[in-house]
Amino acid sequence: MNEKEKKITAYHEGGHALVAAALPNTDPVHKITILSRGRALGYTMVLPDEDKYSTTRNQMLDQLAYMMGGRAAEELIFHDPTTGAANDIEKATGLARAMVTQYGMTERLGAIKLGQDNGEVFLGRDMGHQRDYSEEIAAIVDAEVKKLIETAHNEAFQILADNRDILDNLVVALLEKETLNKEEVAEIFRDLN
């Protein structure tokens, strides 16, 4: 990785970490690294301190913002997002779609399950997921997913903009050490708004 890519990766991972740390319903940041591993240029590890058996709507909303934190940081700092956020966007879209179609977590559609899970895959069907609702409902699902993602992105961007100095300090530490543990991250985030 050249220096520019390292800096972009540091801001991307720093964006995830800072948004996770700033929100009340996310798991603690245990590790951040800008050392590439497989296809990932870096990663931010958030882990619960205790076992969880269910997830609330607010936890999922904060998780969406955390997922969008890397992309938002790239936009805030460089005004030019990279393809590095593709996996984050895919995961966030999957979670938002599940919130709408499986968990009934939108006011507009309410507590209904949309689509049928089916182990068999047929030509023309979405890998084991069969749609059992109209084009009109499909359009509403798409609009609700889009709204969840946009809201999460905007929240992440605002958190990063409000805490830009802390983000910059985190990036300096990441560029110097390449990997930060839970205690090092907590020290940098001490004054987080």
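This is a predicted model: local features need pLDDT of at least 70, side-chain atom pairs count only at pLDDT 80 or more; totals for chains, interfaces and linings use all residues.

Reader: How are the axes of helix 2 and helix 3 placed?

Author: Helices (H or I, at least four residues) and strands (E, at least two) are DSSP runs, numbered from the N terminus. Axes are lines fitted to C-alpha atoms, for helices over the stretch in contact, and angles run from 0 to 180 degrees between N-to-C directions. Here the axes of helix 2 and helix 3 come within 9 Å and cross at roughly 160°. That angle makes helix 2 roughly antiparallel to helix 3. Angles under 35 degrees count as roughly parallel, over 145 as roughly antiparallel, 65 to 115 as roughly perpendicular, and the rest as oblique.

Reader: Which residues of helix 2 and helix 3 make the contact?

Author: Contact means heavy atoms within 4.5 Å. On helix 2 the residues include Leu 61, Leu 64 and Met 68; on helix 3 they include Ile 89, Ala 92 and Leu 95.

Reader: What is the handedness of the crossing of helix 2 and helix 3?

Author: A crossing is left-handed if the near helix is turned anticlockwise from the far one by less than a right angle, and right-handed if clockwise. Helix 2 passes helix 3 in a left-handed crossing.

Reader: At what angle do helix 1 and helix 2 pack?

Author: The angle is about 135°, with the axes of helix 1 and helix 2 7 Å apart. Helix 1 and helix 2 are therefore oblique to each other, and the crossing is right-handed. Among the residues that meet are Tyr 11, Gly 15 and Val 19 in helix 1, and Gly 69, Ala 73 and Ile 77 in helix 2.

Reader: How do helix 3 and helix 4 cross?

Author: Their axes come within 9 Å and cross at roughly 125°. Helix 3 and helix 4 are therefore oblique to each other, and helix 3 passes helix 4 in a right-handed crossing. Ala 96 and Val 100 are among the residues in helix 3 that meet helix 4, where the partners include Val 145 and Leu 148.

Reader: Which residues have the most contacts inside the largest nonpolar core?

Author: A nonpolar core is a set of buried Ala, Val, Leu, Ile, Met, Phe, Trp, Tyr and Cys residues joined through side-chain atoms within 4.5 Å. Buried means under 20% relative accessible area, exposed over 50%, and partly exposed in between (1.4 Å probe, protein chains only). The largest such core has 49 residues, and those with the most contacts inside it are Leu 18, Leu 64, Leu 160 and Phe 189. Helix 1 (3-22), strand 1 (29-33), helix 2 (57-78), helix 3 (86-101), helix 4 and helix 5 each give two or more residues to this core. Leaving aside neighbours within four places in sequence, Leu 160 is in contact with residues including Leu 18, Ala 72 and Leu 167.

Reader: Is Asn 163 buried or exposed?

Author: Asn 163 is buried, with a relative accessible area of 3%. Its place is in the loop between helix 4 (135-162) and helix 5 (164-177). A polar contact is a pair of N or O atoms within 3.5 Å; within protein, one must be able to donate a hydrogen and the other to accept it, and residues adjacent in sequence count only if both atoms are side-chain atoms. The side chain of Asn 163 reaches the backbone oxygen of Ile 159 at 2.9 Å.

Reader: What is the phi of His 79?

Author: Most residues other than glycine have a negative phi. His 79 has a positive phi of about 55° although it is not a glycine. His 79 lies in the loop between helix 2 and helix 3 and counts as exposed, at 66% relative accessibility.

Reader: Where does Glu 178 lie?

Author: Glu 178 lies in the loop between helix 5 and strand 5 (179-181). Glu 178 has a positive phi of about 70° and counts as partly exposed, at 24% relative accessibility.

Terms used: Residues are numbered from 1 along each chain as its sequence is written. Side-chain values use heavy atoms; hydrogens and water are left out.
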